[in-house]
Amino acid sequence: MSNAAQLQFLSKLDATAYPPQTIFIFTCNAIEGLEPRFLSRTRQLEFSSYGLASETISLLQTIWQREANDAPIPAFAQIVKQSRNNVRDALMSLETELLAV
């Protein structure tokens with residue numbers, strides 16, 4: 001987020017101009033470029049992909065069963081490992097596998 005955008009949101013995030021019944025959700029991969037004043041008005045939630053492998057494998061298997069008919073089953077665990085437990089990346093890899101069927 002640019003510095004100008006952060007400054008614009010400062011008054012929205014404190015009590016002076018906060019819109020009623022509104023929740024702002026900001027997402028980012030890193031907070032290094034964000035102003036301390038902006039960050040002080042937010043609640044930071046760290047997300048981790050640790051422990052998602054088995055659930056991601058199960059998701060890929062479910063999708064494959066629905067979409068691939070009787071095509072040979074790919075190595076779901078390998079797809080998840082290569083995607084470093086990133087569910088979006090694993091789904092994109094599975095889509096590539098499905099398009100090849």
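I looked up the crossing of helices α3 and α5 and noted that the crossing is right-handed (near helix turned clockwise from the far one by less than a right angle). The model is predicted, with pLDDT of at least 70 needed for local features and 80 or more for side-chain atom pairs, while totals for chains, interfaces and linings use all residues. Numbering runs from 1 along each chain, and side-chain values use heavy atoms, without hydrogens and water.

I then took the geometry: α3 (residues 53-67) and α5 (residues 87-100) pack at about 25°, axes 11 Å apart. The two helices are therefore roughly parallel (angles under 35 degrees).

I listed the contact residues (heavy atoms within 4.5 Å). From α3 they are Thr-56, Leu-59, Leu-60, Ile-63, Trp-64 and Glu-67, and from α5 Val-87, Ala-90, Leu-91, Leu-94, Glu-97 and Leu-98. I sorted this contact by class and got 9 nonpolar, 1 polar and 2 charged residues.

Next I checked the largest pocket, whose volume is about 1200 Å³. A pocket here is an open set of points on a 1 Å grid, for a 1.4 Å probe, with protein on both sides within 12 Å along at least five of seven lines; lining residues have an atom within 4 Å of a point. Of 30 lining residues, Phe-26, Thr-27, Cys-28, Leu-45 and Phe-47 are closest to the centre. I noted that α2 (36-39) and α5 each supply at least two lining residues.

Terms used: Axes fitted to C-alpha atoms, helices over the stretch in contact; angles between N-to-C directions. Helix = DSSP H or I, 4+ residues; strand = E, 2+ residues; numbered from the N terminus. Parallel < 35°, antiparallel > 145°, perpendicular 65-115°, else oblique. Nonpolar A, V, L, I, M, F, W, Y, C, P; charged D, E, K, R; others polar. Points joined across faces, edges and corners; volume = space filled by probe spheres on them.
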